[in-house]
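This report describes the salt bridges and some of the helices of the structure shown below.

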Amino acid sequence: MANIKKYIAEFFGTFVLVFIACGAAMNGMAIAGVALAFGLVIVAMAFSIGNISGCHINPAVSLAMFLDGRLSLTDFIGYLVAQFAGGIAGAGILATMWGDTDYLAACSNHYIYTQTGDERIFAAFVLEVILTFIFVFVIMRVTSEAETSKNAGLFIGAALTLVHLVGINFTGTSVNPARSFGPALFAGGVALEQVWVFLLAPLVGGALAAFAAKFLKKAN
């Protein structure tokens, strides 16, 4: 039963992230507003479901926690299923409400101004690895120290806001495979063709962050 509660919490948290934050982007909010929406959702969810599941609501975070030994293989798989299901549910409701599924705040490399398609894909991939690395590194560090863990949700929300401020104009900012897959699934077209970038790059960034955070762990 405890595991089921964790998975329900992860489903709910990811649903809220996509429904609220992607919904804010769909409503034409300015970049700063969208970035803040993503950050505030993380803060709200961290303080409401953090004591149930840890509030990963992001496969890249769960991968980092798994690699760091803080998440079992069973829970890792359960979290992934719950997160992707939550992202799909959130995007599905937005698609139903919005009607036109051409734009569901799906990620793409549309705004990366390099010369060829391959260069743009590569640039998007590298950017998402870097942004996810920064975001997940903050998570791994602030949740591993007693003096920062109590207010971890605030630091994590701030970090997500900051990476969105950089990435929105280039890729829309994924740093979260579940956040990207749901909107891409309903938007289709280019978003679905490119979704592999926004699935794989955050996982690479999350894994690198796990190893870096462990390497830089504070000496006793």
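## Basis of the description

Helices (H or I, at least four residues) and strands (E, at least two) are DSSP runs, numbered from the N terminus. Residues are numbered from 1 along each chain as its sequence is written, and side-chain values use heavy atoms, with hydrogens and water left out. The model is predicted: local features need pLDDT of at least 70, side-chain atom pairs count only at pLDDT 80 or more, and totals for chains, interfaces and linings use all residues.

## Helix H2

Helix H2, which covers residues 31-53, bends by about 50 degrees at phenylalanine 47, where the bend at a residue is the angle between axes fitted to the seven residues ending there and the seven starting there. Among the residues of H2 that are buried are Gly33, Val34, Phe38, Ile42, Met45 and Ile49; buried means under 20% relative accessible area, exposed over 50%, and partly exposed in between, with a 1.4 Å probe and protein chains only. Glycine 54, whose phi is positive and near 90 degrees, follows H2.

## Helix H3

Of the 9 residues of helix H3 (residues 59-67), 7 are buried, so this helix is largely enclosed by the rest of the structure. The buried residues are Pro59, Ala60, Val61, Ser62, Leu63, Ala64 and Met65.

The N-terminal end of H3 is capped by asparagine 58, which has a side-chain oxygen 2.8 Å from the backbone nitrogen of alanine 60. Such a polar contact is a pair of N or O atoms within 3.5 Å; within protein, one must be able to donate a hydrogen and the other to accept it, and residues adjacent in sequence count only if both atoms are side-chain atoms. H3 is followed by glycine 69, with a positive phi near 80 degrees.

## Salt bridges

There are 3 salt bridges, each being a side-chain nitrogen of Lys or Arg within 4 Å of a carboxyl oxygen of Asp or Glu. One of them joins aspartate 75 to lysine 6, with an N to O distance of 3.2 Å. Aspartate 75 belongs to helix H4 (residues 73-98) and lysine 6 to helix H1 (residues 2-26), so the pair ties together parts that are 69 residues apart in sequence. Aspartate 75 is buried, at 7% relative accessible area, whereas lysine 6 is partly exposed at 23%.

Aspartate 68 and arginine 70 also meet in a salt bridge, at 2.8 Å from N to O; aspartate 68 is partly exposed at 23%, and arginine 70 is partly exposed at 36%. Glutamate 145 pairs with arginine 141, their closest N and O atoms being 3.1 Å apart. Here glutamate 145 is buried at 14%, and arginine 141 is buried at 18%.
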